[in-house]
Amino acid sequence: MKHFAEEDLIAYQLHESSNETAIRKHLEECAECAAVSESIAETLRVFSAEPVPQLDLEHNWQRLRGNLSILSVERSKPKWFGFRWLAWPAIGLAMATFLVVVFVALHGHHLVKTRPNLAINGHGPLTTEPSDPAVADHLDAAERLLTEVNNTQGPLDETTREQAHNLLLKNAVYVHTARQSGDVAQAAVLENLGRVLTTLDNEPETSHGTWRLRLEMNTSGLLLDIRILRQNDDQNQGATQ
Amino acid sequence: MDRAETEAIREILGGNRDAYRVLMDRHFSSVARVAFRITGNEEDAEEATQEAFLRAYNKLHSFRQDSAFSTWIIRIAMNTAINIVERRKRDLSYRAPRIADEPSEAEGTVRVADQQAGPESELLGREAATLRETAMEELTPMERAAFTMRHMEEVPMAEIAEALHITVNSAKQAVFRAVAKLRRSLAPLAGGVR
């Protein structure tokens, strides 16, 4: 007797099989396949839906709202749309502008690049992302440390303290670099991170110090800011339609 | 998409960010639910929900209003939650101790502690829950997402495939692999895989 593969029986139990009638008939006759099929059904029963905890909508809205930018009004059709006689001069002007841009791109390496101040720490969105891999690694390490500290009770161990201290030293360099390159949004997040790392670095030995309260207050928005800042381009991560 | 949502999106794109509350009121629970199914814990689910709504807001310009906002935001939530699971897995792989029957300092393993002695059924229940969690952790984020969406939320394969940017056949294979892995993980409870 030809047996069905496990995959076929899983598809059957999930009602995804195109061969349902034949499998059902086979299971009535084959004890071996029936046992496997029952084992699959049992697995699905064990992993059946459990209740989902209710998250606090109001709390989440307030937390999210601080990171929402004011979106601009959709661009309307230009008012000079009908003036076709302007087309050639406009094309000429565009060409000249293009040449200037190309010239600046080729010869303007020394110019300080500035980026728009899109966000300052919880008061607006972070739509920029770190272009320097070293900064991305630094934010990654900081995120892990803060997540761990946030989920830890009692005083910090020696390793965590050392990590916080090392991150604090590096952070000062990255803040300086971000400011110099005009990336105000990144500088703001790094400065906030620096304050939290300073709190950790100077943490008292007692487990119930006020430092933890201060830390919790400071890290609530910071973690989200860090994640947004270092996240990869959304378009590559499935947020496209 | 109904008129209230269309109007809300128009207002948001016109500069009224508070109009986003309308969309959040309507879709928060379903997004949080999907995020919880995929991440498996409340903290990460909340983080994924926040990120999903923020991403959707920032990409609202590109949302085609001939499709449902609910489908779009759920798709974003699934991907965000998968990213968080991947991030956690990566962090744990070199940071967290592994679970073993006998703790070993040399191998960096620990045993799951029995925190309280109770009736036998309660103990068995806790052990079963631990086994379930451990089994789920064996799945890849993609398998976990596909399995929970298909089996627990009863989302059609075509929607899962679209959300995860894979073919329907790949989505099915991910679900089947997940079930096979889970069945093997449960073998100690069932007395061995047949």
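Predicted model: local features only at pLDDT ≥ 70, side-chain atom pairs only at ≥ 80, totals over all residues.
Residues are numbered from 1 along each chain as its sequence is written, while chains are lettered from A and ligands numbered from 1 in the order in which they are written.

Let's start with the two chains. Helices (H or I, at least four residues) and strands (E, at least two) are DSSP runs, numbered from the N terminus. A residue is buried if 20 or more other C-beta atoms, placed from the backbone, lie within 10 Å of its own. Contacts are pairs of residues whose C-beta atoms, again placed from the backbone, lie within 7 Å.

| Chain | Residues | Helices and strands | Buried |
|---|---|---|---|
| B | 194 residues | nine helices, two strands | 36% |

In chain B, the order of elements along the sequence is α-α-α-α-β-β-α-α-α-α-α. Looking at contacts with a separation of 6 or more, residues 24 or more positions apart make up 65% in chain A and 58% in chain B.

Now for confidence. Chain A has a mean pLDDT (the predictor's per-residue confidence, from 0 to 100) of 74, with 66% of its residues at 70 or more. Two stretches of chain A stay under 50: residues 75-82, with one contact beyond four places in sequence, and residues 112-128, with 44 such contacts.

Where the chains meet, chain A brings 41 residues and chain B brings 50 residues. On the chain A side, α1 (6-13), α3 (31-46), α4 (57-65) and α9 (210-230) each supply at least two residues. The largest share, eight residues, comes from α3(A). By class, this side of chain A has 24 nonpolar (Ala, Val, Leu, Ile, Met, Phe, Trp, Tyr, Cys and Pro), nine charged (Asp, Glu, Lys and Arg) and eight polar residues (the others, Gly among them).

Finally, the cores. A nonpolar core is a set of buried Ala, Val, Leu, Ile, Met, Phe, Trp, Tyr and Cys residues joined through C-beta atoms within 7 Å. The largest one has 59 residues, and Val31(B), Ala35(B), Ala77(B), Met78(B), Ala81(B) and Ala146(B) touch the most other members. Helix α4 (residues 69-95) of chain B gives this core its largest share, 11 residues. Beyond four places in sequence, Ala81(B) contacts Val34(B), Ala35(B), Ile38(B), Thr39(B), Ala48(B) and Ala145(B). A second, separate core of 21 residues includes Val149(A), Leu167(A), Ala187(A) and Leu197(A).

Technical notes:
Buried ≥ 20, exposed ≤ 12 C-beta atoms within 10 Å, placed from the backbone.
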